[in-house]
Amino acid sequence: MAIDPAELIETPDGGDDRLRSSLEREQISALQLGPAIAVPESASLKEAVENLQKHHIGCVLVSGPDGTLQGIFTERDLLNRVAGRKLDWSECRVADFMTRDPETLRPDDLIVWALNLMHMGGYRHVPLVDAENHPVGVVSVKDIVELIIQLMPAAVLNLPPDPHRAPSNDEDPGGTD
């Protein structure tokens, strides 16, 4: 039987309110987001995957000749549209495998909108664009989880190492040889 974290950690009253308030009132720009990693539509599949690996990210944005967002290429696209096919990744264009015209948000939109899109659309990444539809970033589930951890560090970081075992109450912190 799993341990209820509430049994282990005392959280100050209002912790839920602080989380709710942050998600409903803070803009996406308040999150610690990295820069937008974009490739042109003409980029090869190989270039797109190399960017995923090099930057340790789950997606790249794909822009058209005018710099506007045309699509997003995610790990999910890689698995569902590319994996298992005999393709020359140097010759194939990322534009042929990306998700076209993804739903987007702007950095000044509220975090709750990102959560809504992620939940309703099943997305892990939502592209951020400026008023001219140029890519300016990506908000990911990981970014929002990091915010939650910042708002409730004790509740998340002070859990026992095994969720199925209560913390030890042994007087002796050392092990036996």
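Me: How much of the protein counts as buried?
Reply: Of its 177 residues, 34% count as buried. Buried means under 20% relative accessible area, exposed means over 50%, and partly exposed is in between (1.4 Å probe, protein chains only).

Me: What should I know about the model and the numbering?
Reply: This is a predicted model, so to speak of local features takes pLDDT of at least 70 and side-chain atom pairs count only at pLDDT 80 or more, while totals for chains, interfaces and linings use all residues. Residues are numbered from 1 along each chain as its sequence is written, and side-chain values use heavy atoms, leaving out hydrogens and water.

Me: How many helices and strands are there?
Reply: The protein has 7 helices and 6 strands. Both are DSSP runs numbered from the N terminus: helices are H or I with at least four residues, strands are E with at least two.

Me: And what pattern do they follow along the sequence?
Reply: The pattern reads α-α-β-α-β-β-α-β-α-β-β-α-α.

Me: What does the accessible surface come to?
Reply: About 11600 Å², and 50% of that belongs to carbon and sulfur atoms. Accessible areas come from the Shrake-Rupley method with a 1.4 Å probe; for residues, only the protein chains shown count as cover.

Me: Of the contacts between residues at least 6 apart in sequence, what share joins residues at least 24 apart?
Reply: That share is 61%. Contact means heavy atoms within 4.5 Å.

Me: Let's do helices. How do H5 and H6 pack?
Reply: H5 covers residues 111–121 and H6 covers 141–151. They pack at an angle of about 130 degrees, with axes 11 Å apart. Axes are lines fitted to C-alpha atoms, for helices over the stretch in contact, and angles run from 0 to 180 degrees between N-to-C directions.

Me: Why quote both an angle and a distance?
Reply: Two packed helices are described by the angle between their axes and the distance between the axes.

Me: So what do we call the arrangement of H5 and H6?
Reply: H5 and H6 are oblique to each other. Under 35 degrees counts as roughly parallel, over 145 as roughly antiparallel, 65 to 115 as roughly perpendicular, and the rest as oblique.

Me: Is their crossing left-handed or right-handed?
Reply: The crossing of H5 and H6 is left-handed. Left-handed means the near helix is turned anticlockwise from the far one by less than a right angle; clockwise is right-handed.

Me: Which residues meet there?
Reply: From H5, Ile111, Ala114, Leu115 and Met118. From H6, Val141, Ile144 and Leu147. The residues of this contact divide into 7 nonpolar, no polar and no charged. Ala, Val, Leu, Ile, Met, Phe, Trp, Tyr, Cys and Pro count as nonpolar, Asp, Glu, Lys and Arg as charged, and the others, Gly among them, as polar.

Me: New topic. Where is histidine 125?
Reply: In strand S5, residues 125–129. Histidine 125 counts as buried because its relative accessibility is 17%.

Me: What is it in contact with?
Reply: Leaving aside neighbours within four places in sequence, histidine 125 is in contact with Gly58, Cys59, Ile72, Val138, Val139 and Ser140.

Me: Where does valine 138 sit?
Reply: In strand S6, residues 135–140. Valine 138 is buried, at 16% relative accessible area. Not counting residues up to four places away in sequence, valine 138 touches Leu33, Cys59, Leu61, His125, Val126, Pro127, Leu128 and Asp143.

Me: How far is it from cysteine 59?
Reply: The C-alpha atoms of valine 138 and cysteine 59 are separated by 8.6 Å. Along the chain, these two are 79 residues apart.

Me: On to loops. Is glutamate 41 buried or exposed?
Reply: Glutamate 41 is buried, with a relative accessible area of 18%. Its loop runs between strand S1 (38–40) and helix H3 (45–55). Residues it touches include Arg93, Arg100 and Gln70.

Me: And glutamate 91, buried or exposed?
Reply: Glutamate 91 is exposed, at 63%. It lies in the loop between helix H4 (75–82) and strand S4 (99–100).

Me: What about the loop between H3 and S2? Which residue there has a positive phi?
Reply: Histidine 56, found in that loop. Its phi is near 55 degrees, a positive value in a residue other than glycine. Histidine 56 is exposed, with a relative accessible area of 73%.

Me: Where is isoleucine 57?
Reply: Isoleucine 57 also lies in the loop between H3 and strand S2 (59–63). Isoleucine 57 is partly exposed, at 25%.
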